[in-house]
Amino acid sequence: MSKNTYVMLIAIMTACGGLLFGYDVGVISGALLFLGKKFSLTDQGQEVVTSAVLVGSFLGALGAGWYTRRFGGRSANMLAGAIFVVGAFASAASGSAETLTMSRLLVGIGIGITAVAAPLYVAEIAPPDRRGMMITLYQLFITIGIMVSYIVDLASAPHWRVMFGLGAVPGVVLAVGMSFMPSSPRWLASRGRMAEAKKVLDRTLEPALAESALRDIQADLDSQKSQSHWWLAFRSRAARRALVITTTLAVFQQLIGINAIIYYAPRIFQKAGFVDEKAALWATLVVGLVNVVATFITIGMVDKTGRRKLLIWGLAGMVTSLGILGIAFKQFDNSDNQKTSQQASAATATTTAATPAASTFADVASPKDLPSTPEGSESLAWLTLVCVIVYIACFAFSMGPLVWVLIGEMFPLQARCTGNAIACGGNYFANFIVGATFLSMLTAFGASNTFLLFASMAMFALLFVLFFLPETAGRTLEEIERDLGEPSSSGHVRTS
Ligand code: BGC
């Protein structure tokens with residue numbers, strides 16, 4: 001097998017961790033429809049089951065820092081696959097809401113571990129000129145996982161046990177497949193196993209590159225030998241900058257509202273005028289497809305065009321599309337508010353209908369209150385569809401993959417596992433917060449302001465990238481560390 005094929009196989013195998021993540025993001029929406037009835041779950045109960053995965057992912061990500069540092073990325077990915085398999089079967093076999101919640105927590109732990117271990121492991125094995133593309137495969141598999149879960153949900157309804165149980169398949173592939181993959185050379189070297197590290201480098205890189213990589217890794221280790229505790233690694237300027245940059249971007253990846261759009265796309269479309277449920281579901285499937293297809297843009301461009309340009313274009317597109325959505329939905333919120341006050345003044349309204357909360361956007365977000373008559377005009381429906389598609393496409397070629405790429409490649413060796421864990425933990429924490437507050441935000445501020453809030457978050461992220469993100473494309477991990485360690489007055493280095 002040629003070196004290229006071998007490295008590609010490693011990247012694809014590791015990306016199966018993304019499948020677990022994506023499948024789980026999508027599967028719950030379909031399963032909840034039937035779980036709710038089976039376990040007589042209240043709205044809060046459904047929220048607990050849904051958020052258990054995110055809490056588990058947060059814990060898994062934090063624990064993965066220690067585990068990966070000690071046992072390496074290969075072993076961490078195998079462990080994640082195994083935990084996921086147990087969690088998927090336990091979810092499928094659950095007999096009560098409590099066991100289901102615990103099983104979902106377990107699934108989340110598996111996801112959190114791979115989110116740390118997969119990008120890190122691939123970054124440490126890939127050649128510098130293809131590293132971005134190879135880590136992006138992880139995001140590609142997330143988007144494919146989301147699509148597959150939509151299809152499984154449609155095909156296996158109402159059998160929620162099948163929906164959860166099928167999640168074990170990518171878990172098995174990951175756990176078994178990784179056992180045939182090599183350990184990361186940088187981890188081997190950090191454990192003093194230089195001869196094995198050299199063997200892996202010889203199998204994955206061209207001879208000259210393998211030689212210089214080994215020298216760089218050795219020099220990196222020598223310079224950090226005196227540090228007996230992991231936290232001392234963060235005394236270096238490079239590690240601290242990597243931590244601030246990756247954690248900020250990981251948190252902003254969620255604060256710009258991606259999962260609010262992914263989870264609630266059908267209802268947003270219904271609110272905008274695609275009242276027919278089938279039309280709304282089709283529109284959602286289109287969103288899923290765009291998410292997959294646009295990720296290929298990054299696969300093709302990330303190593304040539306660079307990380308910064310893609311992020312800047314993508315974030316600018318997201319600011320624009322969210323801004324237009326915010327303005328377009330203003331007319332809705334206004335007409336909803338008018339309706340509410342008319343209903344209230346007629347004094348015949350029920351408590352629910354008279355509550356602004358129930359008649360703004362929350363009626364769209366909660367299935368039982370879906371509007372039965374068209375509310376949006378046809379043009380608004382189409383404008384919404386276009387804006388959501390532009391938003392998803394821009395996310396899919398920028399913040400989606402590049403956050404994982406940067407998390408994987410920015411940290412110096414000694415700070416890598418812990419740094420990755422903190423950035424990923426931040427991502428899941430923010431994901432949890434947005435999920436937990438999205439409906440309340442719609443209720444409190446209306447759809448229009450919620451979209452405008454996401455737009456302003458995207459604007460902050462754009463400014464952050466412009467001023468603080470150095471270009472890392474084409475550099476070896478050791479060169480990135482040197483770049484980040486250089487003091488620079490403008491706060492960024494190598495911007496093109
Ligand atoms: C994000 C997920 C999101 C997915 C959508 C990932 O990069 O971390 O939260 O659901 O992209 O494609």
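This is a predicted model: local features need pLDDT of at least 70, side-chain atom pairs count only at pLDDT 80 or more; totals for chains, interfaces and linings use all residues.

**Entry: the bend.** I went along helix 11 for a kink and found one of about 75 degrees at tyrosine 264. The kink comes shortly before a proline, proline 266. Just after helix 11, I noted glycine 273 with a positive phi of about 135 degrees.

**Entry: cover on helix 11.** I checked burial next, and helix 11 is mostly covered, with 12 of its 15 residues buried. Tyr264 and Pro266 are both among the buried ones.

**Entry: the ligand.** Which residues are closest to the ligand? I counted 13 residues around the ligand, and the closest are Val25, Ile142, Thr143, Asn259 and Gly400. Helix 4 (131-156), helix 11 (258-272) and helix 19 (416-468) are the elements that give two or more residues to this shell. Helix 4 gives the most, with four residues. I sorted the shell by type and got five nonpolar residues, eight polar and no charged.

**Entry: where the ligand sits.** Why does the ligand lie between two domains? Domain 1 (1-193) and domain 2 (236-488) both contribute residues to the shell, so the ligand lies between them.

**Entry: arginine 69.** I then moved to helix 2 (residues 43-93), where arginine 69 is found. Is arginine 69 buried or exposed? I put arginine 69 down as buried because 20 other C-beta atoms lie within 10 Å, and 20 is the count at which a residue is called buried. I also looked up arginine 416, which is 347 residues away from arginine 69 along the chain. The C-alpha atoms of these two arginines are separated by 8.1 Å.

**Entry: the whole chain.** I finished with the totals. The protein chain has 20 helices and zero strands. Of its 496 residues, 53% are buried. For contacts with a separation of 6 or more, I found that 84% join residues 24 or more positions apart.

How values were computed:
Residues are numbered from 1 along each chain as its sequence is written. Two residues are in contact if their C-beta atoms, placed from the backbone, lie within 7 Å. A residue is near a molecule or strand if its C-beta atom, placed from the backbone, lies within 6 Å of it. Ala, Val, Leu, Ile, Met, Phe, Trp, Tyr, Cys and Pro count as nonpolar, Asp, Glu, Lys and Arg as charged, and the others, Gly among them, as polar. Domain bounds come from an automatic or database domain assignment. The bend at a residue is the angle between axes fitted to the seven residues ending there and the seven starting there.
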